[in-house]
Amino acid sequence: KNSESGFFDLVLGYGFDINRNREIYEDLVPVLNKSKVELTRDITIFSRQELFERPGPFFQEEFFVLIPLQSQNETRGQLLLFNDERPALNEKTRSLLHSICDAGGAAIEKSASVQRFDELTFTDSLTGTYNYGLWWKRLHEEISRAQRKKDTGISLIVFDIDRFDRFNRAHGYLMGDYLLRVIGDRIKSVVRVVDLVGRIGGQEFGVVLPDTIKHDGYWVAERILESISDLPNEMRIHLDHPLSLSGGVAGFPEDADSPGGLVEKAKTALVSAKIMGGNCIKSVEHFEE
């Protein structure tokens, strides 16, 4: 389970119809009795009523063997076996299951370390924000989470630096890189730890605000725009034109119900802000007006 997103990074099913994988992930996992799952520290047999908060028609089996995958005294995951009848687990079987679970826990721990390395690989080296690949993955996770909760929203902001090409020609590409890095830092200083900031284009930044309605996302975008107003003085450069950003804001689920649709809506609002001369934020409803 991913501690940041709250979702399971990996769900493996053996013996299931492959077409039901999505059903297992989206419908089975949420109805597990989380307290029983998380508190189980040894091989435990549960009935359907004990293990599921809302027993559903997922499987016909009546008994489930829950086996925690342990590594360094921490639970790294769970193995869930399905049985028609209450199984009798002798010492030989238990010893074998413990060996499997020790190996599984160690493998998950190792893969988690690899994942942390991969996330460093997927971080934009210039700005320290997520690169497009990891940002896109995180956006998918947050929308999946919001779809499951059904009572929360997401705001998405896309920023573009106004007249960035002119800035590069006047001050050089090294100074342009420095500007990108500073703007990335300013954006991160305004948003929360749980918000997702990524460099999603040459001079574009994307900001995902989980559990945030679009109206609040708009005001976060305004605060980010205000936060860069003093950058020329900080960078000790003289500009012929004010340094500014344009931004577009879209909300899930009212504007789009998919990651691609949400990004497209935000970029459409961004284009509207550019047409208005830049240095402003437009949301989808403002754009339509």
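Tutor: Buried means under 20% relative accessible area, exposed over 50%, and partly exposed in between, with a 1.4 Å probe and protein chains only. This is a predicted model: local features need pLDDT of at least 70, side-chain atom pairs count only at pLDDT 80 or more, and totals for chains, interfaces and linings use all residues. Residues are numbered from 1 along each chain as its sequence is written, and side-chain values use heavy atoms, leaving out hydrogens and water.

Student: What is the phi of R163?
Tutor: Most residues other than glycine have a negative phi. R163 is not a glycine, yet its phi is positive, at about 50 degrees.

Student: Which loop holds N279, a residue with a positive phi?
Tutor: N279 is not a glycine either, and its phi is about 55 degrees. N279 counts as partly exposed because its relative accessibility is 46%. Its loop runs between α10 and β8 (281-283).

Student: Which element of the protein chain has the lowest mean pLDDT?
Tutor: pLDDT is the predictor's confidence in each residue, from 0 to 100. The protein chain averages 83, and 83% of the residues score at least 70. Strand β4 (residues 154-161) has the highest mean, 97. The lowest mean, 60, belongs to helix α1 (residues 21-28).

Student: How many helices and strands does the protein chain have?
Tutor: Helices (H or I, at least four residues) and strands (E, at least two) are DSSP runs, numbered from the N terminus. By that rule the protein chain has 11 helices and 8 strands.

Student: What share of the contacts with a separation of 6 or more joins residues 24 or more positions apart?
Tutor: Contact means heavy atoms within 4.5 Å. For burial, 44% of the 289 residues count as buried. Among contacts with a separation of 6 or more, the share from residues 24 or more positions apart is 61%.

Student: Are α6 and α7 parallel, antiparallel, perpendicular or oblique to each other?
Tutor: Axes are lines fitted to C-alpha atoms, for helices over the stretch in contact, and angles run from 0 to 180 degrees between N-to-C directions. Angles under 35 degrees count as roughly parallel, over 145 as roughly antiparallel, 65 to 115 as roughly perpendicular and the rest as oblique. Helix α6 (residues 164-171) and helix α7 (residues 173-190) cross at roughly 135 degrees, their axes coming within 7 Å. The two helices are therefore oblique.

Student: How do the residues of the contact of α6 with α7 divide?
Tutor: From α6 come F164, F167, N168 and H171, meeting Y173, M175, G176, L179 and L180 in α7. Ala, Val, Leu, Ile, Met, Phe, Trp, Tyr, Cys and Pro count as nonpolar, Asp, Glu, Lys and Arg as charged, and the others, Gly among them, as polar. The contact splits into 6 nonpolar, 3 polar and no charged.

Student: At what angle do α5 and α10 pack, and which residues make the contact?
Tutor: Helix α10 (residues 259-275) packs on α5 at about 110 degrees, axes 10 Å apart, so the pair is roughly perpendicular. This contact divides into 7 nonpolar, 2 polar and no charged residues. α5 supplies W135, W136, L139, H140 and I143, and α10 supplies P259, G260, L262 and V263.

Student: How far does α10 reach from its first C-alpha to its last?
Tutor: The expected span of a helix is 1.5 Å times one less than its number of residues. α10 has 17 residues, for which 24 Å is expected. The model is close to that, at 25 Å.

Student: Which peptide bond is cis?
Tutor: Most peptide bonds are trans. P253, in the loop between β7 (245-252) and α10, takes part in an exception. With omega near 5 degrees, the cis bond is the one from F252 to P253.

Student: How far apart in space are D151 and D211, C-alpha to C-alpha?
Tutor: D151 lies in the loop between α5 (132-149) and β4, and counts as exposed because its relative accessibility is 62%. D151 and D211 are 60 residues apart in sequence. In space, their C-alpha atoms are apart by 9.0 Å.
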